[in-house]
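Subject: Structure handover

Hello,

Here is the structure, with sequence and coordinates. My notes follow below it.

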Amino acid sequence: MIHSPYIRKPASVQRVMGTVLVALLPGLAAYVWQFGAGILVNLALGSVAAIAIEALVMRLRKRPVALAVGDLSAVVTAWLVVLSIPPIVPWWITLLAVIISIGAAKHLYGGLGQNPFNPAMVAFCALIVAYPALMSQWPGAGQLDFAAQLDLILGGARQPDGITAATALDALRTGMRSGASVGTVFSGNSAFGMAGGRGWEWVAAGYALGGLILLGTRVITWHLPAAFIAMLAVVSGLFWLIDPTQHASPLFHLASGGAMLAAFFIVTDPVSGATTPRGKLIFAAGIALIAWLIRSFGAYPDGIAFGVLLMNICVPLIDMKTQPPVFGHRGGHS
Amino acid sequence: MLSALLVMTGIAIVLGAALGYAAIRFKVEGDPLVEKIDAILPQTQCGQCGYPGCKPYAEAIAQGAAEINQCPPGGEEGIRKLADLLGREFKPLSEEHGVEKPKSVAVIDEQTCIGCTLCIQACPVDAIVGAAKQMHTVVDKLCTGCELCVAPCPVDCITMTPIPETVENWKWKYPVVELRRVA
Amino acid sequence: MRSLFRFHGGVKPATNKAASTSEPIVKAPLPRRLVVPLHQSIGGTPHPLVRAGQRVLKGELIGAADGNVSSAVHAPTSGLVTAVEPALMAHPSGLTMLSVIIEPDGEERWAELDRLNYKSTPPDELRDFVRDAGIVGLGGAVFPTHLKMNPGREGRTRTLVLNGAECEPFITCDDMLMRERAAGIVKGTAILRHLLQADEVLIGIEDNKPEAVAAMQTAVRAEGESMEVVAIPTRYPAGGAKQLIRVLTGIEVPHGRRSTDFGVQCFNVGTAYAVFEALTCGHPLISRIVTVAGNVDRPRNYEVLIGTPMSDVVRLSGQRTDTTRYLMGGPMMGMRMPGFDVPVVKATNCILVASDALFPPPPPEQACIRCGECAHACPADLQPFELYWFSRAKNFGKAQEYHLFDCIECGCCAYVCPSHIPLVDYYRFSKSEIWARERDKSASDQARERFEFRNFRQEREKEEKAAKLAAKAAETRAKLATEPAVDGAAATPAADAAEDPKKALIAAALARAQAQRAAAQPKNTENLSAETQAEIAQIEARRRTAGSAPAADPAPAGTAASAPDTQP
């Protein structure tokens, strides 16, 4: 029996997810331009695997398969997880990443809309803990040609020593550990570019452009990216102002690692994130703070993934405590 | 070593005092469990559970003397609520105590009624009006549907009539999620 | 230019209003049969004042208001009452309701009409007059109008808002009424203003109805009234009373509070017109303007008598063959009708004729991804997806905590939901479940109270009886002590004195009852069959034996009485 409303806006989950995929394209283009087409191989692999796993799990759960595959949510998860891990990981790492994110982090909790944790970040964290070496091999900009990348992806786990350079965040962390100042670390390493890591600053710009598409199409609201960027800039800027020899600049923090991907595509996952306007601000700012703390003082070069998972845990509390006032109940309501 | 012991002892004394104070300060009056159980029971006072009314049954449950599945008017939902409240396992309604029926009220056939007052005496909630030798009638707003008046009637003029659905008590149905249709 | 306020959210669906405003309002012809439901407003069901076979005149009272929260119902035309029986209601439940069925005689003879000069009539009398004229909110909520005609606590109302926003797609009945009968609306508004002692009157009309705005402005000038016609931005649901008050005055009236407490009152333009008709012409509410739109060839507005079958009205507009159902109201909040012949009632602002092509069934429901589109669209600033999760899980307490009852069921959330979830259905389900539970709760509380009082009473009676017996025994003992001369034979009955008068009383009562019964018996037994007569005789016999042994168990008597039923 159908009841009112009888008319609906032509909107669908598929359209939302499709917009996200389109918005990822500028960043992806920059990625290919700077680091070679190897990422496309993993991306294709991840997408096919995601669809296959989604279909398999839905069948096992006796749920409609076509609807779930058609909504493109699995492909979005696959893209995000592949873009978060190094582009030259062996094919089975990609496969594992997709299995963990979709099979475990999403469907074990009840499928789309039910997962408390960001699936892509669950997979990232699991893999960086399980395969720290493979997950830290990032190619430098323009360092590897497509054949070499293909060889690394399909040839199994090999140490591509001498071909990959440490990323900017990694180099900074190692440099600081050895007692050098930020300036000397920067000047002595080819990993650093104009703002962030060499080449990565372009990718970051591409993601930011995609983020504007998402904002323009109202797939995301300004709260999450704004709070994330502002918090990262403020906290890193504060320490940078206090001691620029020991702390990198806010610009460096924003342009390196996964900061822009996170700001517009990772922390904006609606399912596992906060939903109220104030809650979104707290949620994204919390992630930025944790990410900066781990970058500056932790054992891992980047901490966004851990920040996301830690803040995911807080979402029910954040949402509960930040319910916006209801029509007619403004003022007296908390 | 000694200082550690002293510190631990000190902590124990402070915490103990705090707990003791809390126990006095926040003392719970009466037996709220019985009240809570009683609030879940449907208050038909029908005695199908084997106790003379809902309150005695609630007391029996609280003491562990009775099972939670002896109340047919409360039905499965009532048992679930009791199971939730008491942290016990859900059990299907015990058959010896009766079956769940649609909510009904007693109706007296006024042509047959001889005015014997037996039903008036049986009604646990005084929902039947009438006097000796006068026709009786059930105030259906007050009737709990306990059926206690049915057996005493010497002329069998009382029937249980299910409460009809009207625009006032009609309920919107739970939206059906059609998962299989698209499978 | 007045500065307006915004309400949060809202949507802008295609309005589809042009087609039904191209032709003027026309009177629908008299139908063959009118079905007038007695319950057409919020509140108590009016009791019928007519019987089958009775002739009624146009405008004659056929259902009197049941208490103050209720509204009267009148015969829409003169004719013969053929039945007073339950008939299918214009309600999504598909249930029946007591209705007066009238066969028109075609003469349209009016009953004697009462008119009132509102300026010289005391307010209480005016309110009663409006109640007895059957006037209810014609925007669709059908709340009795006389209950809203009270100024607030201070005896004054700051702002009287007249609602001509009409934000739902397809519906144009208020638009056409304002275009054609603006003067009547303004006069009715003046009456309402007088009753409410309102300082200012704001007539809110969505800016997609320039003709209505112009017509109302002209009428206000012509009547010499100081009212302001305000064009407000077109955005659904700007016509919701709370939203309109917010837009015009900035005041937010919370759920469960009366707007008069905030110095505002809001009426629909149709209601104002009905007030004018009732007081000035003496016509009670027996017809209303109804838009027929959707799957018809000639969408149009009709003046329809209450009780006219919907299919009769739709036929005038040329119903298309692929029609599947009627909706009462617009596509956002309309109610699906259980049949084509349900009557037009006071709440019927629009008959929206639906087909699967016009309103296709929604795509399959998908999982909620908490995207927040619904929260963005909600005009009540709710978090609809949270309410959905709680309603789906039947966690009604939480749903209420998240202000479920502030939901106005406008449908914006479901309209924008990318997962095609029938959100409003979940809220309706939750609300009616909560109401049912509250009814059950108050019934069981009452039962508990009555049971406890009964136990207390029985206890008290027992004690009183014991006390009485003890007193009597003491008295007897004292008597025996003072009269030692009485011989042994006489002492025995004296010792029994405590019980003796009781026995005598029983005997006397029994005799009296038997005499009474003998006298009363022919009254309700003379028409009975021989079998039943025999049964009664049997019962009487048992009663006599029971009388001599009052403690006899009634159970065997019961089985004996049921025995004749089993005989062929």
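**Helix packing in chain A**

α1(A) and α4(A) count as roughly parallel to each other, because that label covers angles under 35 degrees, with over 145 roughly antiparallel, 65 to 115 roughly perpendicular and the rest oblique. Note that this is a predicted model: local features need pLDDT of at least 70, side-chain atom pairs count only at pLDDT 80 or more, and totals for chains, interfaces and linings use all residues. Residues are numbered from 1 along each chain as its sequence is written, while chains are lettered from A and ligands numbered from 1 in the order in which they are written.

Helix α1 of chain A spans residues 13–35, and helix α4 of chain A spans residues 73–84. Their axes come within 9 Å and cross at roughly 25°. Axes here are lines fitted to C-alpha atoms, for helices over the stretch in contact, and angles run from 0 to 180 degrees between N-to-C directions. Helices (H or I, at least four residues) and strands (E, at least two) are DSSP runs, numbered from the N terminus.

The crossing of α1(A) and α4(A) is left-handed (the near helix is turned anticlockwise from the far one by less than a right angle; clockwise would be right-handed). On the α1(A) side, the contact uses A:V13, A:M17, A:V20, A:L21 and A:L24. On the α4(A) side, A:S73, A:V75, A:V76 and A:W79 take part. Two residues are in contact if their C-beta atoms, placed from the backbone, lie within 7 Å. The residues of this helix contact split into 8 nonpolar, 1 polar and no charged. For these classes, Ala, Val, Leu, Ile, Met, Phe, Trp, Tyr, Cys and Pro count as nonpolar, Asp, Glu, Lys and Arg as charged, and the others, Gly among them, as polar.

**Domains**

Chain A is assigned domain 1 (12–164) and domain 2 (194–321). Such bounds come from an automatic or database domain assignment. The centres of the two domains of chain A, taken over C-alpha atoms, are 20 Å apart. Their contact takes 30 residues from domain 1 and 26 residues from domain 2. On the domain 1 side, α1, α4 and α6 (119–130) of chain A each supply at least two residues. The largest share of that side, 14 residues, comes from α1(A). That side holds 22 nonpolar, 8 polar and no charged residues.

Chain B is assigned domain 1 (32–97) and domain 2 (101–166). Here 25 Å separate the domain centres, again over C-alpha atoms. In chain B, 7 residues of domain 1 touch 7 residues of domain 2. The domain 1 side of that contact has 2 nonpolar, 5 polar and no charged residues.

**Helix α8 of chain A**

α8(A) covers residues 168–177. A:A168, A:L169, A:D170, A:A171, A:L172 and A:R173 are buried there (20 or more other C-beta atoms within 10 Å of a residue's own; 12 or fewer is exposed, in between is partly exposed, and C-beta atoms are placed from the backbone). Their cover includes α9 (182–187), α10 (200–216) and α14 (277–297) of chain A. Just after α8(A), A:G179 has a positive phi of about 90°.

**Chain C**

Chain C has 16 helices and 17 strands. Of its 568 residues, 47% are buried. Among contacts in chain C between residues at least 6 apart in sequence, 72% join residues at least 24 apart. The contact between chain A and chain C takes 30 residues from chain A and 42 residues from chain C.

Regards
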